[in-house]
Amino acid sequence: MTSFSADDHRFMARALQLAERGLFTTAPNPRVGCVLVRNGEIVGEGWHEFAGGPHAEVHALRMAGEHAHGATAYVTLEPCCHHGRTPPCSDALIAAGVSRVVAAMEDPNPKVAGKGLAQLRHAGIEVASGLYAAQAEALNPGFVMRMHEGRPFIRSKLAMSVDGRTAMASGESKWITGPAAREDVQRLRARSSAIITGIGTVLADDPQLNVRLEGVSHQPLRVVLDPHLSTPATAQVVNTPGKTLIITACRQSAPRQALESAGAEVVVLAERDNDAIDLAALMQLLAEREINEVLLETGAILSGAMLHAGLIDELIIYMAPILMGNGARGLFHTPGLEAMADVVPLAISEIRAVGEDWRITARVAEKRYNPA
């Protein structure tokens, strides 16, 4: 097992800080940071800023210039060794004459997957990996999920009262949470490649589902699950600047033509035995379009269906200090949960205050919800 020094930890921590600067901009590429160190001093640093632009290593090498020779490169992801939108970073590091490369984690992309580190090692460069691997992976859950599982990482955003309600019986839900929580949701949207909602939410709330953060130009793909093509061509989700994808089981041409004329893309993904949408096929489609992280913003029925399908990886629950009563609506539509043996266990990773509300981050500990 590789032993890492205190300096190794310090400089890799800096590389992780740099990688996080690309949180809203690098998709579909991973967020990566790089620090070049020579004689204990940082001589170059950089991060991957946007897809198609120079990778983190290239930015750091340009800053370091001739000081890169004999330096140690700390990079949060194994340097690439294939020609994509840009040339291989492994070649650039070898040409610059670095003496050591420390990678936080190996690249899960099968085009790399250890080959970059092997190329560096073959060139006589000392190589180590595994330092802060968990932190590096946490920066890129969608990229890792897409490479390993062939689908995006799915994060479900929910807002509820202390008694676990998301809307009044009438459907009224604006606003359960306060301004700070709603701004935090904007950051979740900004880091996402796509936002998924259901037709019920579109008809009830007419949301825009866009990012409204100063300085952020990226707009995620808006995906509406609409089995019967009930989305009005005048809906804000269709007419707000950005791309909208309507997923349906309906093959009728008239409503499709109206939506396509309004600028939306319509794709039929029906399950074989009924007119429901094939959620697994949807995730495959999104992965093929290089969607890394999905934000699910929807009501109890679609949330419950995604939970049932084992397609929720993380829950972000904003809990407001209010009570909404027994008649109000719950978080998930989960038929079949009737005994304690049936419950869905969660692993809570963080609870923190956001303004006057509380934000709970949790993973589904066991994806076993399977009602009859």
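**View 1. Surroundings of Val-101 in the predicted model.** Val-101 touches Ala-73, Val-75, Pro-79, Leu-93, Leu-120, Ile-125, Glu-126, Val-127 and Ala-128, leaving out residues up to four places away in sequence; contact means heavy atoms within 4.5 Å. The model is predicted, so local features need pLDDT of at least 70 and side-chain atom pairs count only at pLDDT 80 or more, while totals for chains, interfaces and linings use all residues. Residues are numbered from 1 along each chain as its sequence is written, and side-chain values use heavy atoms, with hydrogens and water left out.

**View 2. The largest nonpolar core.** This core has 38 residues, and Met-12, Leu-36, Tyr-74, Leu-93, Val-98, Val-101 and Leu-120 have the most contacts inside it. A nonpolar core is a set of buried Ala, Val, Leu, Ile, Met, Phe, Trp, Tyr and Cys residues joined through side-chain atoms within 4.5 Å; buried means under 20% relative accessible area, exposed over 50%, and partly exposed in between (1.4 Å probe, protein chains only). At least two residues of the core come from each of helix 1, strand 1 (33–38), helix 2 (56–64), strand 3, strand 4 (100–103), helix 4 (115–122), strand 5 (126–129) and helix 5 (133–139). Helices (H or I, at least four residues) and strands (E, at least two) are DSSP runs, numbered from the N terminus. Helix 1 gives the largest share, 6 residues. Another core, of 31 residues, lies apart from this one and has Leu-282, Ile-291, Leu-307 and Leu-315 among its members.

**View 3. The aromatic pair of Phe-11 and Tyr-74.** The structure holds 1 aromatic pair. Phe-11 and Tyr-74 form this pair, which is tilted, with 5.6 Å centre to centre and 40 degrees between the planes. Phe-11 belongs to helix 1 (residues 6–20) and Tyr-74 to strand 3 (residues 72–75), so the pair ties together parts that are 63 residues apart in sequence. Rings of Phe, Tyr and Trp (its six-membered ring) pair if their centres lie within 6.5 Å; planes under 30 degrees apart count as stacked, over 60 as edge-to-face and the rest as tilted. Both Phe-11 and Tyr-74 are buried.

View 4. An open sheet is formed by 5 strands in the order 2-1-3-4-5, with mixed pairing. Strand 2 and strand 5 are at the edges with a single partner strand each, so one side of each has no neighbour in the sheet. On average, neighbouring strands of this sheet are turned by 15 degrees against each other, direction ignored. Strand 1 and strand 3 pair in the antiparallel sense over 4 bridges, and Val-35 stands opposite Tyr-74 in strand 3. Two strands pair if DSSP finds at least two bridges between them. Helix 2 packs on the sheet and touches strand 1, strand 2 and strand 3; its direction makes about 140 degrees with that of strand 2. Axes are lines fitted to C-alpha atoms, for helices over the stretch in contact, and angles run from 0 to 180 degrees between N-to-C directions. In helix 2, the buried residues are Ala-56, Glu-57, His-59, Ala-60, Leu-61 and Ala-64. Their cover includes strand 1, strand 2 (41–47), strand 3 and helix 3 (89–96). Gly-65, with a positive phi near 60 degrees, follows helix 2.

**View 5. Strand 12 and its partners.** Strand 12 (residues 293–296) is covered on both faces: Glu-293 and Leu-295 on one side, and Val-294 and Leu-296 on the other, are all buried. Strand 6 (residues 153–161) pairs with strand 12 in the parallel sense over 4 bridges, and Phe-153 has Glu-293 as its bridge partner. Strand 8 (residues 194–198) also pairs with strand 12 in the parallel sense, over 3 bridges; here the bridge partner of Ile-196 is Leu-296.

**View 6. Arginine charges over tryptophan rings.** The charged end of Arg-21 sits over the ring of Trp-47, 4.8 Å from its centre. For Arg-182 and the ring of Trp-175, the corresponding distance is 4.4 Å. A charge sits over a ring if NZ of Lys or CZ of Arg is within 6 Å of the ring centre and within 35 degrees of the ring normal.

**View 7. The loop between helix 1 and strand 1.** Thr-25 is found in this loop and is partly exposed, at 39% relative accessibility. Thr-25 is in contact with Glu-49, Phe-50 and Ala-51, neighbours within four places in sequence left aside. Pro-28 lies in the loop as well, and the peptide bond from Ala-27 to Pro-28 is cis, with omega near 10 degrees.
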